[in-house]
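Have a look at it first, and then we'll go through its contacts piece by piece.

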Amino acid sequence: MTFDLITMGRVSVDVYPLQIGVALEDVESFGKYLGGSPTNVAVAAARHGNRTAVITRTGADPFGRFIHRKLGEYGVDDRFVTDVPGLPTPLAFCEIFPPDDFPLYFYRYPKAPDLEIYPEELDLEAIAEARIFWATVTGLSQEPSREATLTALAAHPGTTVLDLDWRPMFWESPEAAKDLIARALENATVAVGNLEECEVAVGEREPHAAARALLDRGVSVAIVKQGPRGTLAASADGIVEVPPTPVEVVNGLGAGDAFGGAVCHGLLNGWDLERIVRFAGAAGAIVASRLACADAMPDSGEVERLLAETAGTADTTNKETTV
């Protein structure tokens, strides 16, 4: 089978409180969901009808079995998901304080199985044949996942997306990540990140400067997410700026993964950059209006309906011709 999208990297079981606005120590009930950014991206793209798979590893435990089951339910191929005896499947807890405070607590000790991906175990033929390959900066944080991530990026001859995905708790310092991100960008055609992630990657936080720096590193498309200010996307053809889609935020976690899966859907369909960013922004907004991540991913019909409902409510799209 040739996949439309293969993602690689982090997986977890997300344990989210069912009470909103309550500190974690006071929460009395939780929901259990599939999580992990690249895993969620594969789910998000599958919801739009694409053939997707994820390369990751779990513990040989009940939570690992839960991940396999949920991937199947979401239509994501799990053939590249293997277990690591002796390491537990990671858990991620959060607190929910809308509209913009969602602390995350990762339980990835003594080491996350998804960082035990070895280069020699990769199906490089399947990766090369996929229409899009998606990798993350978190995958560069430790060996052997670091070399496996770089190997996979180099093996793909077409569209490769690097999610700048900066998680400071996985690194000694931003400086430790910069050289590795530079190496990954050499084999990426698309880079996606928020302002902090762009600053870590290329030393620029101002959106236009960050996009320019990413293009200078060799990517064809740079997408800079600005939260409540919307999204800036740049290519050799110019810059597109799209405002956020207005929704009532419940849980902002997972919105970026819905955005990423929608970006892949747009790239797979050959859409222009503005349409891709508008569609992706609306997909992310839908997930932000819901509690879960993977469970909350919308299909294309839901996204198009929201775009139609909100058309003109915040239409300040700004196009420029140079970066």
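Let's start with charges: Asp-4, Arg-51 and Arg-131 are linked in a network of salt bridges. A salt bridge here is a side-chain nitrogen of Lys or Arg within 4 Å of a carboxyl oxygen of Asp or Glu. Before going on, keep in mind that this is a predicted model, where local features need pLDDT of at least 70 and side-chain atom pairs count only at pLDDT 80 or more, while totals for chains, interfaces and linings use all residues. Residues are numbered from 1 along each chain as its sequence is written, and side-chain values use heavy atoms, with hydrogens and water left out.

How many salt bridges does the structure hold? There are 14, and the table shows some of them.

| Salt bridge | Closest N to O distance |
|---|---|
| Arg-47 and Glu-302 | 3.6 Å |
| Arg-108 and Asp-114 | 2.8 Å |

Take the pair Arg-47 and Glu-302, with its closest N and O atoms 3.6 Å apart. Arg-47 sits in helix 1 (residues 37-47) and Glu-302 in helix 10 (residues 300-310), so this pair ties together parts that are 255 residues apart in sequence. Helices (H or I, at least four residues) and strands (E, at least two) are DSSP runs, numbered from the N terminus. Arg-47 counts as partly exposed, at 37% relative accessibility, whereas Glu-302 comes in at 19% and counts as buried. Buried means under 20% relative accessible area, exposed means over 50%, and partly exposed is in between (1.4 Å probe, protein chains only). As for the other pairs in the table, Arg-108 and Asp-114 are both buried, and so are Glu-116 and Lys-111.

Another arginine worth a look is Arg-10, found in the loop between strand 1 (5-8) and strand 2 (12-17). Is Arg-10 buried or exposed? At 4% relative accessibility, Arg-10 counts as buried. Its side chain makes a polar contact of 3.1 Å with the side chain of Asp-165. A polar contact is a pair of N or O atoms within 3.5 Å; within protein, one must be able to donate a hydrogen and the other to accept it, and residues adjacent in sequence count only if both atoms are side-chain atoms.

Now for a hairpin. Strand 13 and strand 14 form one, with two residues between them. Strand 13 (residues 231-235) pairs with strand 14 in the antiparallel sense over five bridges, where pairing takes at least two DSSP bridges between two strands. Ala-233, for instance, has Val-240 of strand 14 as its bridge partner. Five of the five residues of strand 14 (residues 238-242) are buried, so this strand is largely enclosed by the rest of the structure. Gly-238, Val-240 and Val-242 point one way from strand 14, and Ile-239 and Glu-241 the other way.

Helix 9 is also well tucked in: 13 of its 16 residues are buried, so the helix is largely enclosed by the rest of the structure. At the start of helix 9, a side-chain oxygen of Asp-272 reaches to within 3.1 Å of the backbone nitrogen of Glu-274.

Finally, the cysteines. A search of the whole structure turns up zero disulfides, a disulfide being a pair of cysteine sulfur atoms within 2.5 Å. For Cys-198, the nearest cysteine sulfur is that of Cys-264, 17 Å away. Cys-198 counts as buried at 0% relative accessibility, and Cys-264 counts as buried at 0% too.
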